[in-house]
Amino acid sequence: MDLMGTPAEGIVSCSDLIVLAGAMSVEKCGGPSIPLMIGRPDATEADPEDRMPPETLSAEQLKENFAAKGLSVREMIVLSGAHTIGGKGFGDPVTFDNQYFKSLLDRPWNNKNDNMASMIGLPSDRVLPEDPECEPIIQEYAKDQDLFFKDFSAAYIKMASLGGT
């Protein structure tokens, strides 16, 4: 997006617009309001292909991937809660809530009576409740949406501060 000639020129970066759009989407879907600062520098080159973890990683590999970015296991779990919006079978696809965590604990992909069960979630979602370090955190967020919102806001702000390449 070209901001030249607008009041935002030199103040708001394209990187800012991306994280602001994400935060606004969460809020518009019923999630928390996430206070973000502006002034992120734009990346000078494209992110490497492996910046986002593949959906086929094990829980241990996911934890290592997020740790390499400076994010804790709790932050990885809470940020994964963003999967509550969209069309992967974790409740209403336009509502940001803690249904993702409730669904993880129910493991609906194991329902042999549901022909669509295999379409629910990503492989990387399904490994989380099987991990002994992740499962208690999932239980916390399944029980307490306010805690999920509070922790999600903090982790989103931290993730947004990591920047691009």
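**Aromatic pairs around helix H4**

A: Phe101 and Phe148 are both buried in this predicted model, and their rings form an edge-to-face aromatic pair, with 4.9 Å from centre to centre and 75 degrees between the planes. Phe101 lies in helix H4 and Phe148 in helix H7 (residues 145–161), so this pair ties together parts that are 47 residues apart in sequence. A pair of aromatic rings is described by the distance of the centres and the angle of the planes.

By that description, the count for the model comes to eleven aromatic pairs. Phe101 also forms an aromatic pair with Tyr141, and this one is tilted, at 5.2 Å centre to centre with 45 degrees between the planes. Here, too, distant parts of the chain are linked, since Phe101 belongs to helix H4 (residues 99–106) and Tyr141 to helix H6 (residues 135–143), 40 residues apart. Phe101 and Tyr141 are both buried. Ring pairs join these residues into a cluster that also includes Phe90, Phe96, Tyr100, Phe149, Phe152 and Tyr156.

Most residues other than glycine have a negative phi. Arg107, although it is not a glycine, has a positive phi of about 50 degrees. Its relative accessibility is 21%, so Arg107 counts as partly exposed, the cut-off for buried being under 20%.

Terms used
Residues are numbered from 1 along each chain as its sequence is written. This is a predicted model: local features need pLDDT of at least 70, side-chain atom pairs count only at pLDDT 80 or more; totals for chains, interfaces and linings use all residues. Side-chain values use heavy atoms; hydrogens and water are left out. Rings of Phe, Tyr and Trp (its six-membered ring) pair if their centres lie within 6.5 Å; planes under 30 degrees apart count as stacked, over 60 as edge-to-face and the rest as tilted. Helices (H or I, at least four residues) and strands (E, at least two) are DSSP runs, numbered from the N terminus. Buried means under 20% relative accessible area, exposed over 50%, partly exposed in between (1.4 Å probe, protein chains only).
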